[in-house]
Amino acid sequence: MERKYIKDVQPDEEIIISGWIEKIREQKTIIFIVLKDSTGCIQVAIEKEKMPDMAKAMSALSRQSVVRFYGSAVKAEKVTLKGLEFVPTSFEIESVAQEIPISETTSQELKMDFRWLELRADKERLKFEIRTFVEAKIREFFLKKEYIEIHTPKITSQCSEGGAEVFELDYYGQKAYLTQSPQFYKQMAMASGFDKVFEIGSYYRAEKSFTSRHTAEAFCLDFEVAHLKSHEELMDLEEDLIKFVLRQTKERFGDEILRVFDTEIKVPIKIPRIKLADCFSIFKKYYGVEVKESKRLDLDPDGEKLICDYSKEYLDSELVFITDFPAEARAFYTKKIDGSFDCMGFDMLYRGWEVSSGAVREHRYDILKEQIEEHGVDSAKMKDYLEFFKYGCPPHGGVGLGIDRLIAKLLDLVSIKESIFVFRGPSRLKP
Ligand code: ATP
Ligand code: MG
């Protein structure tokens, strides 16, 4: 006998179904069970007189126990679940569930302690089906363009993004770090002549932030391309990627996303590009918000939200690029714009959050070394990284895009925690 998923059950076939007991309803002569597997629910009917042992075992069984039934389905027009009823001839109890410790009204923290139980809900499962699809589409986009997928080390000897936010570990008696980004290795791939690379993987940030958009273990897409000169080219590429992913996701899941998450995916015709300096004029003109000169190095969370409001209302896009940041506010490896204090770095924002950062990198050894010093870092400490640029390295640039954030925004979730399988943060190391 073959095990069938509940969605595939047809009448009058001898089969096995296996899943969780969702509901048990005991009547005088019959016991009805709603059995659930990953594909749906079906009603199981057990006549007490015909199957006394089975009926006795089932009436004593707790919800969420796992049972395997042997038998066949019959047509039952009155039954709302598929118009079918499963009539078992035998059964096996695979696992008896204790009382479920969480419910709809349980606190978020307790739900997270029992994350696997929380994930049993259809809505949760759907999130991860969508996530799987999105990641597959991202991969498809790059494979079509003949990118090489790389897997960079997660244990490293150098910090790429700054000192304080790094997890240190003991590596055979030597100090090592969990990677904060594949930045250095993506750049190494450029020096290796790989030309176009991408990676989908985790990076680790030891920031003590309790915001709704930070996690200690962020899952991200990174890509890097050689022989490009301007950040416009990079934004063109990222714009193509994001429109492709949104369009495909809308086509496949748009209706379900609207029904379950009450949000509509909108694919912009064009993702606007606004210079950081212009954001502050827009805030003043459209919202009467004045930002102090000293706070104009970056957008703060309120600024990110406001510029997204503006983009949505006036430019018909829920996504927006912010470009031309002051060089001092960006990572030392960002290439400067000739004759300007600004650099070729940009962010992409989506529904009020930064979801990606990108830049053309400085690939010339001497200038890179200078920029490291300008950022107050001893270039001797960056010796290993600087080696990549000594033996011929093409100009290049790339992007890092947070997939946890992208999914959270796509589904209009309140927190990044809700888009991650098992979340990691300053006060969360379990399960
Ligand atoms: P933020 O300023 O929002 O903390 P960041 O500028 O430090 O982010 P980047 O170094 O630019 O982050 O990393 C590229 C992308 O990776 C970010 O735009 C974001 O989508 C994602 N990312 C980075 N750090 C985190 C994190 N701690 N939690 C969730 N996503 C992250
Ligand atoms: Mg950033």
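How many bridges join strand β12 to strand β17, and which way do the two strands run? Seven bridges join β12 (residues 217-226) to β17 (residues 396-402), and the two strands run antiparallel. This is a predicted model, in which local features need pLDDT of at least 70 and side-chain atom pairs count only at pLDDT 80 or more, while totals for chains, interfaces and linings use all residues. Residues are numbered from 1 along each chain as its sequence is written, chains are lettered from A and ligands numbered from 1 in the order in which they are written, and side-chain values use heavy atoms, with hydrogens and water left out.

**Sheet**

- Eight strands form an open sheet of mixed pairing, in the order β7-β11-β12-β17-β16-β15-β14-β13.
- At its edges are β7 (148-149) and β13 (273-275), each of which pairs on one side only.
- Strands are DSSP runs of E with at least two residues, helices are runs of H or I with at least four residues, and both are numbered from the N terminus; two strands pair if DSSP finds at least two bridges between them.
- Residue E224 stands opposite G398 in β17.
- Strands of a sheet pair through backbone hydrogen bonds, either parallel or antiparallel.

**Magnesium site**

- The magnesium ion (ligand 2) is coordinated by E354 through OE and by S357 through OG, at 2.1 to 2.3 Å.
- Donors are N, O and S atoms within 2.8 Å of the metal (3.2 Å for Na, K and Ca); water is not among the atoms, so sites may look incomplete.
- E354 is partly exposed, with a relative accessible area of 21%, and S357 is partly exposed at 25%.
- Here buried means under 20% relative accessible area, exposed means over 50%, and partly exposed lies in between (1.4 Å probe, protein chains only).

**Second largest pocket**

- The second largest pocket has a volume of about 1200 Å³.
- A pocket is an open set of points on a 1 Å grid over the protein atoms alone, where a 1.4 Å probe fits and protein lies on both sides within 12 Å along at least five of seven lines; lining residues have an atom within 4 Å of a point.
- Grid points are joined across faces, edges and corners, and a volume is the space filled by probe spheres set on the points.
- Its lining comprises 39 residues, of which L117, E118, R120, A121 and D122 lie nearest the centre.
- Elements that each supply at least two lining residues include the strands β2 (15-26), β3 (30-37) and β4 (40-47), together with the helices α2 (108-113), α3 (115-118), α4 (122-144) and α6 (231-261).
- The largest share of the lining, seven residues, comes from α4.
- By class, the lining has 13 nonpolar, six polar and 20 charged residues.
- Nonpolar covers Ala, Val, Leu, Ile, Met, Phe, Trp, Tyr, Cys and Pro; charged covers Asp, Glu, Lys and Arg; the others, Gly among them, count as polar.

**Salt bridges**

- A salt bridge is a side-chain nitrogen of Lys or Arg within 4 Å of a carboxyl oxygen of Asp or Glu, and by this rule the count comes to 35.
- E109 and R428 meet in a salt bridge at 2.8 Å, N to O. The pair links distant parts of the chain, 319 residues apart, with E109 in helix α2 and R428 in the segment after α11 (403-410).
- E109 is partly exposed at 39% relative accessible area, whereas R428 counts as buried at 9%.
- E124 forms a salt bridge with R115, their closest N and O atoms being 3.8 Å apart, and both residues are buried.
- E129 and R125 form a salt bridge with a closest N to O distance of 3.1 Å. Both lie in helix α4, four residues apart, about one turn of the helix.
- Salt bridges that share partners join E232, D236, E239, K243, K270 and R273 into one network.

**Backbone geometry**

- Most residues other than glycine have a negative phi, and most peptide bonds are trans.
- K82, in the loop between β5 (66-75) and β6 (84-95), has a positive phi of about 65° although it is not a glycine.
- E146 has a positive phi near 65° and lies in the loop between α4 and β7; at 64% relative accessibility, E146 counts as exposed.
- A cis peptide bond joins K430 and P431, with omega about -5°; P431 lies in the segment after α11.
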